Amino acid sequence: MASKGELSHQFAGEAPLQDRLAKSTLHLDKAGENVALDVDIDQAHDGLMHSPHHRENLLRADYNVAGFAVARVHDRLYVVEDFGHSIPMYEAHKAEDMVSSAIVHATGNAQPGRPKRLELSNLREAACSMATSDKLNPKLVSGVSPLRYVLTYTSMQPDQLAPAAAKAIVDNNLRSYAVGACFAHTPTYPNGAYWVTVAFY
């Protein structure tokens, strides 16, 4: 902004905010940005606080990370404030455990005869293959027969099941299930997402 002498959230040829933030080491599921131009930093802040959208970014309770930059050109200050909600990133096996725990919780911890978890490495391979192609594809899931349901979805947080899981979870005929998960940055999810496969037997 300082070199061009103007305010903008995105200049021609520059990546959008989400793509720029995706290059950080943070895993963000929400983000926002304020830009300002003023002669004094206190005045810049006051101006942002009196603008409803900018004030919302500054005071939003679910943002837990922020970055600030100021560039001075003569008597002008160019200000950028980036905000986000950062969530933890987990290794594949930990993400799979979290999906499994969510399934156990949804079926009822004390329910007799609840489905048992199977360990099938090909489900993680299927999840990673979907991430590579940036497309959900339940046909990639195979394994032990008889296969009753296949669930494929993406999630920013592995402990949150897809709504479609409810149909399979309430099926009293289920005997077992297996989980595969793969975290990846893709064009659809530049900040990264968990690609999840669940097979119910």
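This is a predicted model: local features need pLDDT of at least 70, side-chain atom pairs count only at pLDDT 80 or more; totals for chains, interfaces and linings use all residues.
Buried residues account for 37% of the 201 residues in the chain.

The protein chain contains six helices and seven strands. Their order along the sequence is α-β-α-α-β-β-α-β-α-β-α-β-β. The radius of gyration of the protein chain is 22 Å, whereas a compact globule of 201 residues would have a value near 17 Å. Along the principal axes, the C-alpha atoms fill a box of roughly 70 × 35 × 25 Å. Of the contacts between residues at least 6 apart in sequence, 64% join residues at least 24 apart.

Leaving aside neighbours within four places in sequence, T197 is in contact with L123, A126, A127, M130, V141, L151, T152, A178, V179 and G180. With L123, one of these residues, there is also a polar contact: a polar atom of the T197 side chain lies 2.9 Å from the backbone oxygen of L123.

Y63 occupies the loop between α3 (52-59) and β2 (65-73). Despite its place in a loop, Y63 is buried, because its relative accessible area is 11% and the cut-off is 20%. Not counting residues up to four places away in sequence, Y63 touches K30, A31, G32, N57, F83, G84 and H85.

R76 is found in strand β3, which covers residues 76-86. Its relative accessibility is 40%, so R76 counts as partly exposed. Residues up to four places away in sequence aside, R76 touches L37, D38 and A71. R76 and D38 are 38 residues apart in sequence, and their C-alpha atoms are 5.7 Å apart.

Positive phi values were found for two residues other than glycine, H74 and D134. Phi of H74 is near 55°, and that of D134 is about 60°. H74 is placed in the loop between β2 and β3, while D134 lies in the loop between α5 (121-133) and β5 (149-155). In accessibility, H74 is exposed, with a relative accessible area of 73%. D134, at 19%, counts as buried, since the class takes in values under 20%.

Key
Residues are numbered from 1 along each chain as its sequence is written. Side-chain values use heavy atoms; hydrogens and water are left out. Helices (H or I, at least four residues) and strands (E, at least two) are DSSP runs, numbered from the N terminus. The radius of gyration is taken over C-alpha atoms; the globule rule is 2.2 Å times the number of residues to the power 0.38. Buried means under 20% relative accessible area, exposed over 50%, partly exposed in between (1.4 Å probe, protein chains only). Contact means heavy atoms within 4.5 Å. A polar contact is a pair of N or O atoms within 3.5 Å; within protein, one must be able to donate a hydrogen and the other to accept it, and residues adjacent in sequence count only if both atoms are side-chain atoms.
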